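This report describes the strand and helix packing of a single model. The sequence and the structure are shown first.

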Amino acid sequence: MGDLTLTTYDWVPEPPRGFVRDLRVRWALEEAELAYRVESTPFRDRGPDHFAAQPFGQVPWLTDGDLTIFESGAILLHLAEKSPALMPTDPRGRAEVVEWVIAALNSVDLPSQPWALFRFMGYPGESPEAKFVEDFLKARLERMEAVLAGREWLVTGRFTVADLLMADVLRQVNRFDGLADYPACRAYVVRATARPAFIKAHTDQMAHFAAAD
């Protein structure tokens, strides 16, 4: 493999800034202290080259030599293979990290996304569908609260890529005060986002989009 290049949008409107998912990749690269560069793809005019790299027209994608990877979860697992800072090397530790990565992407993000999207759009709603999503998220947060009440990080007694992803999923819920009744979850997000690697990744993403205003 060769140089690492992260591709994200050249610009996005202000509301999603700080939450575009290239931040997850920036964060992982900073945690692992891996050298990388950032390239841009147009936000407004997504052409054939964009869809060739990311078939859904989203971001980010990562180029590692002649390999191109899309989907933030897949990129994070790829980077975790490169650095013990992101994932331990023993089989048990690796398996535990991977299972929590999948849990973040599936069990927790599945209700978090529509719940946060309703609020982002200013439409929580009182419909049965909105109530279903609310209850679905509550059930997941109750289980995460029980897990995080007894530990600082998810596995191996230290921060891993599983925490990076889980904290970023919970961060979108916390944005709309959805962790108010879950103090362990909220404290977990605060711990994770206080890390220097997150602060740099967030600052860099905000500066990247602001530069195109």
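The model is predicted. Its 4 strands form an open sheet with mixed pairing, in the order E2-E1-E3-E4. Strand E2 (37-41) and strand E4 (67-70) are the edge strands; each has a single partner strand, so one side of each lacks a neighbour in the sheet. On average, and with direction ignored, neighbouring strands are turned by 25 degrees against each other.

The parallel part of the pairing lies between strand E1 (residues 4-9) and E2, which are joined by 5 bridges. Here Tyr-9 has Thr-41 of E2 as its bridge partner. E1 also pairs with E3, in the antiparallel sense and over 4 bridges; Thr-5 stands opposite Thr-63 of E3 in the model. The pairing of E3 with E4 is antiparallel over 4 bridges, and Leu-62 has Ile-69 of E4 as its bridge partner. The hairpin of E3 and E4 has 2 residues between the strands, and within this hairpin Gly-65 adopts a positive phi near 65 degrees.

## Helices on the sheet

Two helices may be described relative to the strands. Helix H8 (residues 196-210) lies across E1 and E2 and runs at about 55 degrees to E1. On the pairing side of E1 with E2, 5 bridges run in parallel; helix H3 (residues 72-80) packs on the sheet and touches E1, strand E3 (61-64) and E4. The direction of H3 makes about 130 degrees with that of E4.

## Helix H1

Helix H1 (residues 22-32) is mostly covered, with 11 of its 11 residues buried. Among the buried residues of H1 are the charged-type names Asp-22, Arg-24, Arg-26, Glu-30 and Glu-31, together with Leu-23, Val-25, Trp-27, Ala-28, Leu-29 and Ala-32. Just after H1, Glu-33 takes a positive phi of about 55 degrees.

## The pair H4 and H5

The axes of helix H4 (residues 91-120) and helix H5 (residues 128-148) come within 9 Å and cross at roughly 140 degrees. H4 is therefore oblique to H5. The crossing in which H4 passes H5 is left-handed.

On the H4 side, the contact includes Trp-100, Val-108, Leu-110, Pro-111, Pro-114, Trp-115 and Phe-118. On the H5 side, the contributing residues include Val-133, Phe-136, Leu-137, Arg-140, Met-144 and Val-147. By class, this contact has 13 nonpolar, 2 polar and 3 charged residues.

## The pair H6 and H7

For helix H6 (residues 161-174) and helix H7 (residues 183-193), the axes come within 9 Å and cross at roughly 120 degrees. H6 passes H7 in a left-handed crossing. The residues of H6 in this contact are Ala-162, Asp-163, Met-166, Ala-167, Leu-170, Arg-171 and Asn-174, and those of H7 are Cys-185, Arg-186, Tyr-188, Val-189, Ala-192 and Thr-193. The contact has 8 nonpolar, 2 polar and 3 charged residues by class.

## Arg-171

Arg-171 lies in helix H6 and takes part in the contact of H6 with H7. Is Arg-171 buried or exposed? Its relative accessibility is 9%, and Arg-171 therefore counts as buried. Leaving aside neighbours within four places in sequence, Arg-171 is in contact with Val-189 and Thr-193, and also with Gly-18, Phe-19, Leu-23, Phe-198 and His-202. Of these, Leu-23 is one of the buried residues of H1.

How values were computed. Residues are numbered from 1 along each chain as its sequence is written. This is a predicted model: local features need pLDDT of at least 70, side-chain atom pairs count only at pLDDT 80 or more; totals for chains, interfaces and linings use all residues. Side-chain values use heavy atoms; hydrogens and water are left out. Axes are lines fitted to C-alpha atoms, for helices over the stretch in contact, and angles run from 0 to 180 degrees between N-to-C directions. Angles under 35 degrees count as roughly parallel, over 145 as roughly antiparallel, 65 to 115 as roughly perpendicular and the rest as oblique. A crossing is left-handed if the near helix is turned anticlockwise from the far one by less than a right angle, and right-handed if clockwise. Contact means heavy atoms within 4.5 Å. Buried means under 20% relative accessible area, exposed over 50%, partly exposed in between (1.4 Å probe, protein chains only). Two strands pair if DSSP finds at least two bridges between them.
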